[in-house]
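Let us walk through this fold from the inside out. Keep the 3D view open as you read.

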Amino acid sequence: MFLIFLGGFWFCLWQLMHRQTPENPGFATLPPLNEGQRPVTVVPEAPPPKSIVIDPGHGGEDPGTQGNGMFERQGTLPIGLALAKELRNRRYNVVLTRDTDSTLSLESRAKIANEPGRVCFVSIHLNYSDTPKSNGIETYYGWPKRWDVLKDLRQSRKLEPDQDILDHRSKLLAEAIHRSALASTRATDREVRNNPALLVLNSIRVPSVLVECGFVSNKSEAEKIQTAEYQENLARGIADGIEQYLNAASSNADYGIEIVNTKATGGKK
Ligand SMILES: [Zn+2]
């Protein structure tokens, strides 16, 4: 019995060693290395470059809001392009969700932001109010994120079932951008706000922020927004905020991440 088993084993081994067909030539057909020729080494694929995603809101068939003879899309694209230019001058890689007056769904924007290598996402919008004197900048983040984003976040941090995660990164990015955009433009402070219902905020894994850069419904602000000077001021301020956030986050992998224990402590009355 043992001999039969041994014979079968050798037969299988012999077959493996001599398996050569034209389709599957095996190792034996590789030519021998010439003198001085180095064996081929497999270079691991380089990770995608780290990049900031800038998203000029609306565009193409979606004009956005309107007032004082201008559509929102007319302001968001030049501000987005100025911001991309400013960041590239500072040696950051930038991906624009669109760089022409084209139509792009919210899902497509989020998909671009969720590709590997992204470090943050900033969406540029303009505001509208029925009160013509309303003016200034308001900046949004969205917490909590959508369930699938939260699930990935939990997995990436290897959380135990009785642990919960609070991700303050988008809020910190929003605060940094808001502060520096106000400083560079001297616009009215309309505060940092939370809106977890916005798809471009709640479905994006990296820190994501939406900046309402001013009101098209306010005559003087609408005029200002259309000047290259104001667009560059805005771009410089937003870029300052992004840079401050990225500098703070670069030295601390847990920057803005809080892990809390949800287990009942027991014994306390
Ligand atoms: Zn908008």
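Start with the core. The largest nonpolar core holds 44 residues. Leu83, Val122, Ile177, Val209, Val211, Ile238 and Ile242 have the most contacts inside it. Helix H8 gives the most to this core, with 7 residues. Keep in mind that this is a predicted model.

Setting aside neighbours within four places in sequence, Ile177 is in contact with Val122, Thr139, Val209, Val211, Ile238, Gly241 and Ile242.

In general, strands of a sheet pair through backbone hydrogen bonds, either parallel or antiparallel. Here, 6 strands form an open sheet with mixed pairing. Their order is S4-S1-S5-S9-S6-S8. Strand S4 (93-96) and strand S8 (189-194) are the edges, and each pairs on one side only. On average, neighbouring strands of this sheet are turned by 20 degrees against each other, direction ignored.

Next come two helices that lie across strands. Helix H5 (residues 169-185) lies across strand S5 (118-127), S6, S8 and S9. H5 runs at about 170 degrees to S6. H8 lies across strand S1 (51-56), S5 and S9. Its angle to S5 is about 150 degrees.

Stay on H8, which covers residues 228-250, and find Asp240 within it. Ala181 sits 59 residues away from Asp240 along the chain, yet their C-alpha atoms are separated by 7.9 Å.

Helix H4 (residues 147-156) gives another picture. Of its 10 residues, the number buried is 1, so H4 lies largely in the open. Just after H4, Lys158 takes a positive phi of about 50 degrees.

Finally, step back to the whole chain. It contains 8 helices and 10 strands. Of its 269 residues, 33% are buried. Among contacts with a separation of 6 or more, 81% join residues 24 or more positions apart.

Conventions: Residues are numbered from 1 along each chain as its sequence is written. This is a predicted model: local features need pLDDT of at least 70, side-chain atom pairs count only at pLDDT 80 or more; totals for chains, interfaces and linings use all residues. Helices (H or I, at least four residues) and strands (E, at least two) are DSSP runs, numbered from the N terminus. A residue is buried if 20 or more other C-beta atoms lie within 10 Å of its own, exposed if 12 or fewer, and partly exposed in between; C-beta atoms are placed from the backbone. A nonpolar core is a set of buried Ala, Val, Leu, Ile, Met, Phe, Trp, Tyr and Cys residues joined through C-beta atoms within 7 Å. Two residues are in contact if their C-beta atoms, placed from the backbone, lie within 7 Å. Two strands pair if DSSP finds at least two bridges between them. Axes are lines fitted to C-alpha atoms, for helices over the stretch in contact, and angles run from 0 to 180 degrees between N-to-C directions.
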